[in-house]
Amino acid sequence: MVTVKEVKIDGESIHVFNGSIYIFESSSGYTLELDIIVSEIVEKKYKLEENLILEIELEDGRQINSIMHSQSISGGLPQLNLYCELDTLEEYQDFKMVNENDLVFPKIEEGITLEDIRKYEMPIEKVTLKLKLPIDQSGWLNKLKGEELAGAVKEAIYDYWEKHKMK
């Protein structure tokens, strides 16, 4: 079976938690498909891009350089499904072949959790809060600067989670 060792998108190395590369056979022809579990940050960055330049290094040392297209697939973990049309199958004889009538596709989510992915790369989101607080607390919060305020809120949340065993 062919295994992916490293993936670069538009020249940038990305961390792949798990993946599968295979040939998809349909009535309209053949496509090379790359399904990969990535961080939420990588998924957000590339999932809506129409054309991506991929450099794929396989475990056996082969290199695949191609312009690939992204398509959305449903799943619980952040992932990319990238594909390109193939004219010939000569170079891909040892790749897994999946037919459009098959109900089973490679399972790349097994053994990986969102928590594992977030330990590697945690997305940061901007949050706006509207609170009603006693004047002494609101005055104190207004004195804090950006990172200092974010740190105080983050610490308060972690303390709250610990106190109430949440997460």
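**Aromatic pairs, pockets and a loop residue**

A search of the whole structure, which is a predicted model, finds three aromatic pairs. Two are described here. Tyr 92 and Phe 95 have ring centres 5.1 Å apart. Their planes meet at 85°, so the pair is edge-to-face; the cut-off for that class is over 60 degrees. Tyr 92 has a relative accessibility of 13% and therefore counts as buried. Phe 95 is buried too, with a relative accessible area of 6%.

Tyr 158 and Trp 161 form another edge-to-face pair. Here the rings lie 5.4 Å centre to centre, with 80° between the planes. Both residues sit in helix H4. They are three residues apart, about one turn of the helix. Tyr 158 is partly exposed, at 44% relative accessible area. Trp 161 is also partly exposed, at 28%.

Helix H4 (146-164) leads on to the pockets. The largest pocket has a volume of about 1,400 Å³. Of its 30 lining residues, Glu 125, Val 127, Val 153, Lys 154 and Ile 157 are the closest to the centre. Which helix gives the most to this lining? H4 does, with nine residues. H2 and helix H3 (135-143) each supply at least two residues as well. By class, the lining divides into 15 nonpolar, six polar and nine charged residues.

The second largest pocket has a volume of about 260 Å³. It is lined by 15 residues, and those closest to its centre are Asp 35, Ile 73, Gln 79, Phe 105 and Pro 106. Strands contribute here: S3 (18-26), S4 (29-37) and S7 (79-86) each supply at least two lining residues. The lining has six nonpolar, five polar and four charged residues.

Now take Ile 108. It is found in the loop between strand S8 (96-99) and helix H2 (114-120). Leaving aside residues up to four places away in sequence, Ile 108 touches Asn 18, Gly 19, Ser 20, Asp 35, Ile 36, Ile 37 and Gln 79. Among these contacts, Asp 35 and Gln 79 are also listed among the residues closest to the centre of the second largest pocket. Lys 163 lies 55 residues from Ile 108 along the chain, and their C-alpha atoms are separated by 36 Å.

Definitions and conventions: Residues are numbered from 1 along each chain as its sequence is written. This is a predicted model: local features need pLDDT of at least 70, side-chain atom pairs count only at pLDDT 80 or more; totals for chains, interfaces and linings use all residues. Side-chain values use heavy atoms; hydrogens and water are left out. Helices (H or I, at least four residues) and strands (E, at least two) are DSSP runs, numbered from the N terminus. Contact means heavy atoms within 4.5 Å. On a 1 Å grid over the protein atoms alone, a cavity is a set of points where a 1.4 Å probe fits but cannot get out, and a pocket is an open set with protein on both sides within 12 Å along at least five of seven lines; lining residues have an atom within 4 Å of a point. Grid points are joined across faces, edges and corners, and a volume is the space filled by probe spheres set on the points. Ala, Val, Leu, Ile, Met, Phe, Trp, Tyr, Cys and Pro count as nonpolar, Asp, Glu, Lys and Arg as charged, and the others, Gly among them, as polar. Rings of Phe, Tyr and Trp (its six-membered ring) pair if their centres lie within 6.5 Å; planes under 30 degrees apart count as stacked, over 60 as edge-to-face and the rest as tilted. Buried means under 20% relative accessible area, exposed over 50%, partly exposed in between (1.4 Å probe, protein chains only).
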